[in-house]
Amino acid sequence: MTAARLIELWRGGLRESSHLGHVVISDAEGVVEAWGNPGTVIFPRSSCKMIQALPLVESGAADAAGLGSEQLALACASHNGARAHVDRVSAWLSGLGLEEEDLRCGAHMPRDPAEHRRLLCSDTTPCQIHNNCSGKHAGFLTLKRHMKAGPEYVEIDHPVQRAVRRAFEEVTGETAAGWGIDGCAAPNFACTVEGLARAMASFARPGAGARGAAQRRLVEAMIAHPALVAGEGRACTELMRAMKGRAAVKTGAEAVFVGIVPERGLGIALKVSDGGTRGAEAAITALMVHLGLLEEGHPVVGKYLTDPIRNWRGMATGEMRRASGFPN
């Protein structure tokens, strides 16, 4: 099966561009709906941070460190590097007796406009805590300390990453198809789109025991703190706010998106083949409308899917549309 046409851009009555990809909606029993090829192997990138955070909670490391829901949300986050994010990650590390230098994620300028401007105007270099993955790495450090393991926690054979791989393979129901290095230097394990949706379904309707309790806590943290998971102006934050606690969504680089719908026990995974964020944000929005989690006329649906595309003069020049059959 080939990639399905998901989202189209129309201008002047002609289809100008198409975003093709693969989408799976799954429950505990298997695939409920799919577009494209569910067996396509992908890197989930940051969309799977809740899986990478499972050993942190399941092992007891989070409780031993006294972590609350804000820290758990940050462990699942690709944040903007705003003060709300930076201050919380800094306090988390300080509480562990650790410093910024203990992180292994690298530094980049924050996406948050105010913090970006503050650093530029003060001629200050960003630090690793500004990295959008610093919360995930603070979680890795918390688990590393709990395990009494060595400092290089992003190495593939480190106990932290071995624990992450075990959790990843168990919730996807697949042996990892391979692994690569993510932008934050941590390993990222490959799976099928179907496997990723299956994993999200397991978070949507967790089982008993430590694994289920950990999944439930992570989803509840994401839903409770959408601004910590991404930030102002970001699709993850705005969509979760609009759905008012009914679902969690999380993006990943190269146009991956996942969704967790506890009330229906559904997990969603999508990958837009061209790697474009525009297509992925439009597709996950269309799916939330399809599942009845967002009203068609909600402003957030307009922002990411249905509002006219306007030029610099404010003229409507085109529109995005769901491709025929996506979603039904």
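Let's start at the hairpin of β9 and β10: 4 residues lie between the two strands, and glycine 265 has a positive phi near 65° there. Before I go on, a word on the source: this is a predicted model, where local features need pLDDT of at least 70 and side-chain atom pairs count only at pLDDT 80 or more, while totals for chains, interfaces and linings use all residues. Residues are numbered from 1 along each chain as its sequence is written, and side-chain values use heavy atoms, leaving out hydrogens and water.

When I say helix or strand, I mean DSSP runs numbered from the N terminus: H or I of at least four residues for helices, E of at least two for strands. Strands pair if DSSP finds at least two bridges between them. Strand β9, residues 256-261, runs antiparallel to β10 with 6 bridges, and valine 258 stands opposite alanine 269. β10 is also joined to β2, residues 14-27, by 6 bridges, again antiparallel. In that pairing, valine 23 faces leucine 270.

Most residues other than glycine have a negative phi. Aspartate 123 also has a positive phi, near 55°, but this one is exposed, at 73% relative accessible area. You'll find aspartate 123 in the loop between α6 (113-121) and α7 (134-147).

Now to the largest pocket, with about 370 Å³ of space. A pocket here is an open set of points on a 1 Å grid over the protein atoms alone, where a 1.4 Å probe fits, with protein on both sides within 12 Å along at least five of seven lines; lining residues have an atom within 4 Å of a point. Which residues lie nearest its centre? Of 23 lining residues, they are Ser78, Arg234, Thr251, Gly252 and Ala253. Helices α12 (235-243) and α13 (277-290) and strand β8 (248-252) each give at least two residues to the lining.

What about cysteines? Counting a disulfide as a pair of cysteine sulfur atoms within 2.5 Å, there are 0 disulfides. For cysteine 121, the nearest cysteine sulfur is that of cysteine 127, 18 Å away. Cysteine 184 has a sulfur 3.9 Å from that of cysteine 133, so they are too far apart for a bond. Cysteine 121 is exposed at 67%, whereas cysteine 184 is buried at 2%.

Last stop: aspartate 182, in the loop between β5 (179-181) and β6 (187-189). Aspartate 182 is buried, with 9% relative accessible area. Leaving aside residues up to four places away in sequence, aspartate 182 touches Arg45, Ser46, Lys136 and Asn188, where contact means heavy atoms within 4.5 Å. Happy to take questions!

Note on methods
Points joined across faces, edges and corners; volume = space filled by probe spheres on them. Buried < 20%, exposed > 50% of the residue type's maximum accessible area, 1.4 Å probe, protein only.
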